[in-house]
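User: I would like to learn how to read the features of a protein model with DNA. Please take me through them one at a time.

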Protein chains: 2
Amino acid sequence: MAEAPSPTPLYHRIYSVLRERVVNGYYPPGVPMPSEAELAESFAVSRITTRKAMEMLRSEALVIRSRGRGTFVKEKLNTSISRPVVSDVTGLLNYLNAIGRSTRLKVISLDRGEAPPRICAQMQVSPQVELVRAVRVRELDGAPYSLSTSYLLPEIGGAFRKQDLASTAMIDLVQKAGASVEQVEQVLTATLADETAALHLSVPVGAPLMRVNRLFFNAGMVPFYAAEILYRADLYEYRLTLKRDASKEFLLDQS
Amino acid sequence: MAEAPSPTPLYHRIYSVLRERVVNGYYPPGVPMPSEAELAESFAVSRITTRKAMEMLRSEALVIRSRGRGTFVKEKLNTSISRPVVSDVTGLLNYLNAIGRSTRLKVISLDRGEAPPRICAQMQVSPQVELVRAVRVRELDGAPYSLSTSYLLPEIGGAFRKQDLASTAMIDLVQKAGASVEQVEQVLTATLADETAALHLSVPVGAPLMRVNRLFFNAGMVPFYAAEILYRADLYEYRLTLKRDASKEFLLDQS
DNA sequence: CACTATTTGTCCGTATGTATG
DNA sequence: TCATACATACGGACAAATAGT
């Protein structure tokens, strides 16, 4: 009866808890899970609510229910719901080619104009300077997983065409345009899908996204290329391995 | 229009997005926010839905609404534009000490028991092995910004006491317990606050969080410590700088 | 002073979803 | 399974306050 102030419906929260227990092995196979009535008792809800949660587990084929016997977790849980897209220092494209996945790059727009103030500040240009802006969506096996907005100095990106952007990685394009990449600064954080991100990434509004801001410096330590990339959290994770020496300083940040 | 696969009601997801924009300064004070009708248009929902989301913002005293004028964000909350907590290879605690911020570590629980299978698999132990589990909340100037759950091998964490955890960084504790840190694997992604995370981190349900999973290996490359940490996205960002040589491979992952 | 457009505020009716007993 | 209550979401309509012409 402890009605928490949660917007998500009760049956779905209970379903989430039960699903977590099932896939984590909390309920061992072979012995029946608690009955609907018992769960209703322990969650302090009505039986229909626990029933709906259990039915969702059955529709997912995570449990087997039979009248008079009870509910049992499936023996062979093929729940390798792993996140397929992984960024790593070894390079995403290498990884994807290695496992034979197909990526596609869709160019949403390519234009030039004034950039938002945050980008201008990062690139150390005045807000009146026109930058080249490219918006693209990356797909993996037909499912969009990233939406990127790139801002480039005109002398670098001025000659880019849409077909270039659709076929060639940005890093190759800027180097072909004469820029050398000396250093890259990255900032990673989490955000929510707004309406445009939801549209391009095929997720509901409010879905979790990972936001990566990258700033590229040339040999003179002049920033020439800034990118903001939104990744679907359900299709993307960022892996990072630190060896001993390099991690010495880093390890102070343990909580 | 992509609104099917989410159990949380539409108005609450839109509220989360708008709230995020308000506290991040996306809507500048002084000029009215988009009207209910405009938001309904851009989110492709009915006006009642956006209206409910806006009303939630008003009930939180984040905005001021008046008929005929529009909706304005409160002037005085413009203090939280900067994201103070930053993780970096140079070390968070060094950074915080340098700028004179005060952190506090609150121990929620410290117990031992069987860990979820995912953790057991990471740590390469059988599911029956009892691990030491510590749940802690980190605060910066009184505001909680991270919720961490740590699992340790008993020979490492068996002697830890609550006061140790409240006063000493975990990395120092494990090294004092005889473990050497040879390598750390990290996985970063985004997620949404559930009820427990929302409670401990003082954010509304559905707020964006950054999730970091860390796995620590000793000199024999045996994992002895796994941690899952949830960070408030509005108070935390992860910075990473790549120099030229190290970034060569990485740069293939540009979209 | 209208007059108009905009925007919030309030109401209707309808349909579906959620949760209880 | 049923009846009931409440929440969600839609479409439409109109009133009231505000700002600009």
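Analyst: Start with handedness. A crossing of two helices is called left-handed if the near helix is turned anticlockwise from the far one by less than a right angle, and right-handed if it is turned clockwise. Keep in mind that this is a predicted model. In chain A, helix 1 and helix 3 make a right-handed crossing.

User: Which residues of helix 1 and helix 3 of chain A meet in that contact?

Analyst: From helix 1 of chain A come Leu10(A), Tyr11(A), Ile14(A), Tyr15(A), Leu18(A), Arg19(A) and Val22(A). Helix 3 of chain A answers with Thr49(A), Thr50(A), Lys52(A), Ala53(A), Met56(A) and Leu57(A). Sorted by class, this contact has nine nonpolar, two polar and two charged residues.

User: At what angle do helix 1 and helix 3 of chain B pack?

Analyst: In chain B these two helices pack at about 50°, with their axes 8 Å apart. Helix 1 of chain B is therefore oblique to helix 3 of chain B. Their crossing is right-handed. The helix 1 side of the contact includes Leu10(B), Ile14(B) and Leu18(B), and the helix 3 side includes Ala53(B), Met56(B) and Leu57(B). By class, the contact of helix 1 with helix 3 of chain B has nine nonpolar, two polar and two charged residues.

User: How does helix 2 of chain B pass helix 3 of chain B, left-handed or right-handed?

Analyst: The crossing is right-handed. The angle between helix 2 and helix 3 of chain B is about 115°, and their axes are 8 Å apart. Helix 2 of chain B contributes Glu36(B), Ala37(B), Leu39(B), Ala40(B) and Phe43(B), while helix 3 of chain B contributes Arg47(B), Thr49(B), Thr50(B), Arg51(B) and Met54(B). This contact has five nonpolar, two polar and three charged residues.

User: What separates Ile48(A) and Ala37(A) in sequence and in space?

Analyst: Ile48(A) and Ala37(A) are eleven residues apart in sequence and 9.1 Å apart in space, taken C-alpha to C-alpha.

User: Which residues are around DNA strand D?

Analyst: Among them are Pro7(A), Pro9(B), Tyr11(B), Ser46(B), Arg67(B) and Arg69(B). Helix 1 (10-23) and helix 3 (47-59) of chain B each supply at least two residues of this surface. By class, the surface near DNA strand D has six nonpolar, four polar and two charged residues.

User: How many residues surround DNA strand C?

Analyst: DNA strand C is surrounded by 16 residues, and the closest are Pro9(A), Leu10(A), Tyr11(A), Thr49(A) and Ser35(B). At least two residues each come from helix 1 (10-23) and helix 3 of chain A and from helix 2, strand 1 (63-66) and strand 2 (70-73) of chain B. The surface near DNA strand C divides into six nonpolar, seven polar and three charged residues.

User: Last, how many helices and strands does chain A have?

Analyst: Chain A has ten helices and ten strands. Of its 255 residues, 33% count as buried.

Technical notes
Residues are numbered from 1 along each chain as its sequence is written. Chains are lettered from A and ligands numbered from 1 in the order in which they are written. This is a predicted model: local features need pLDDT of at least 70, side-chain atom pairs count only at pLDDT 80 or more; totals for chains, interfaces and linings use all residues. A residue is near a molecule or strand if its C-beta atom, placed from the backbone, lies within 6 Å of it. Helices (H or I, at least four residues) and strands (E, at least two) are DSSP runs, numbered from the N terminus. Ala, Val, Leu, Ile, Met, Phe, Trp, Tyr, Cys and Pro count as nonpolar, Asp, Glu, Lys and Arg as charged, and the others, Gly among them, as polar. Axes are lines fitted to C-alpha atoms, for helices over the stretch in contact, and angles run from 0 to 180 degrees between N-to-C directions. Angles under 35 degrees count as roughly parallel, over 145 as roughly antiparallel, 65 to 115 as roughly perpendicular and the rest as oblique. Two residues are in contact if their C-beta atoms, placed from the backbone, lie within 7 Å. A residue is buried if 20 or more other C-beta atoms lie within 10 Å of its own, exposed if 12 or fewer, and partly exposed in between; C-beta atoms are placed from the backbone.
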